[in-house]
Amino acid sequence: RPFDRSKGDWYCPDVSVPELRQIKPTKVSKLVAWELPASFVVYNKTKDPVYLGLSTNFNVSLEVLKGRRPSQMEWIRYYSIPEYDDLELTLGFLATIKGGWEEQLGGLPSGNTIEEERIKWEFDPPVAEPDYEILKPSIGE
């Protein structure tokens with residue numbers, strides 16, 4: 001069927017995915033990011049990939065992730081794209097690049113696949129009393 005936004009279709013642009021190995025890793029502490037959309041892979045001190053992400057504002061995402069996981073953010077490879085007026089088109093390009101990189105890595109890194117790790121990358125810790133217990137909702141509640 002043809003593309004139809006009203007049915008929840010997303011753009012799936014025909015884009016050539018850049019080869020990760022051809023993108024020079026940058027030391028996170030030396031990186032000056034900007035407010036452009038980007039797909040990125042974060043590496044730890046031993047240069048193992050630990051998180052694969054995308055962002056419509058690379059600068060903000062980088063600062064947030066540095067606050068959440070500073071010990072895991074040593075190196076980064078990224079590919080930025082122009083910001084399109086249509087958010088779905090921007091996200092379509094970023095998702096295509098991210099999917100291609102997942103394939104190049106042989107799967108998603110631990111920060112995307114291990115639930116405990118994913119939560120640390122993608123969510124801010126709760127602000128609460130020291131004895132606060134994190135409760136996970138049960139299925140069916």
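Analyst: Helices (H or I, at least four residues) and strands (E, at least two) are DSSP runs, numbered from the N terminus. By that rule the elements of the protein chain run β-β-β-α-β-α-α-α from the N terminus on, which gives 4 helices and 4 strands. The model is predicted, and local features need pLDDT of at least 70, side-chain atom pairs count only at pLDDT 80 or more, while totals for chains, interfaces and linings use all residues. Residues are numbered from 1 along each chain as its sequence is written, and side-chain values use heavy atoms, with hydrogens and water left out.

User: How do you know that β1 and β4 pair, and in which sense?

Analyst: Two strands pair if DSSP finds at least two bridges between them. Strand β1 (residues 26-27) and strand β4 (residues 75-80) have 2 bridges, in the antiparallel sense.

User: What makes β2 a partner of β4, and which strand do 6 bridges join to β2?

Analyst: Strand β2 (residues 38-43) is joined to β4 by 6 bridges and pairs with it in the antiparallel sense. Across this pairing Phe40 stands opposite Tyr78, and Val42 has Ile76 as its bridge partner. Another 6 bridges join β2 to strand β3 (residues 49-55), again antiparallel. Here Val41 is partnered by Leu52 and Ala38 by Ser55. β2 and β3 form a hairpin with 5 residues between them, and Lys47 in the turn has a positive phi of about 65 degrees.

User: In what order do the strands stand in the sheet, and why is one side of β1 and β3 left without a neighbour?

Analyst: The order is β1-β4-β2-β3, an open sheet of 4 strands with antiparallel pairing. β1 and β3 stand at the edges and each has a single partner strand, so one side of each has no neighbour in the sheet. Helix α2 (residues 87-105) packs on the sheet, touching β2, β3 and β4, and its direction makes about 165 degrees with that of β3. That angle is taken between N-to-C directions on a scale from 0 to 180 degrees, with axes as lines fitted to C-alpha atoms, for helices over the stretch in contact.

User: Why is β2 called largely enclosed?

Analyst: Buried means under 20% relative accessible area, exposed over 50%, and partly exposed in between (1.4 Å probe, protein chains only). In β2, 6 of the 6 residues are buried, so the rest of the structure largely encloses this strand. Ala38, Phe40 and Val42 point one way from β2, Ser39, Val41 and Tyr43 the other way, and all are buried. For the protein chain of 141 residues, the buried share is 33%.

User: What makes Trp34 partly exposed, and which residues does it touch?

Analyst: Trp34 lies in the loop between β1 and β2. Its relative accessibility is 27%, so Trp34 counts as partly exposed. A contact requires heavy atoms within 4.5 Å. Not counting residues up to four places away in sequence, Trp34 touches Asn57, Phe58, Asn59, Tyr78 and Ser80. The C-alpha atoms of Trp34 and Asn57 are separated by 7.5 Å, although the two are 23 residues apart along the chain.

User: How do you know that the buried residues of α1 are on the same side?

Analyst: The buried residues of α1 are Phe58, Leu62 and Leu65. They cover an arc of only 70 degrees around the axis, which puts them on the same side of α1. The arc is that of the directions from the helix axis to the C-beta atoms. These residues pack against β2, β3, β4 and α4 (115-122).

User: What makes a set of residues a nonpolar core, and which residues have the most contacts inside the largest one?

Analyst: The set must consist of buried Ala, Val, Leu, Ile, Met, Phe, Trp, Tyr and Cys residues joined through side-chain atoms within 4.5 Å. The largest such core has 15 residues, and Phe40, Val42, Phe58, Met73, Ile76 and Trp121 have the most contacts inside it. Two or more residues come from each of β2, β3, α1 (58-68) and β4. Apart from this core lies another, of 11 residues, among them Ile23, Val41, Leu94 and Ile97. Leaving aside neighbours within four places in sequence, the contacts of Trp121 include Val42, Leu65, Met73 and Gly111.
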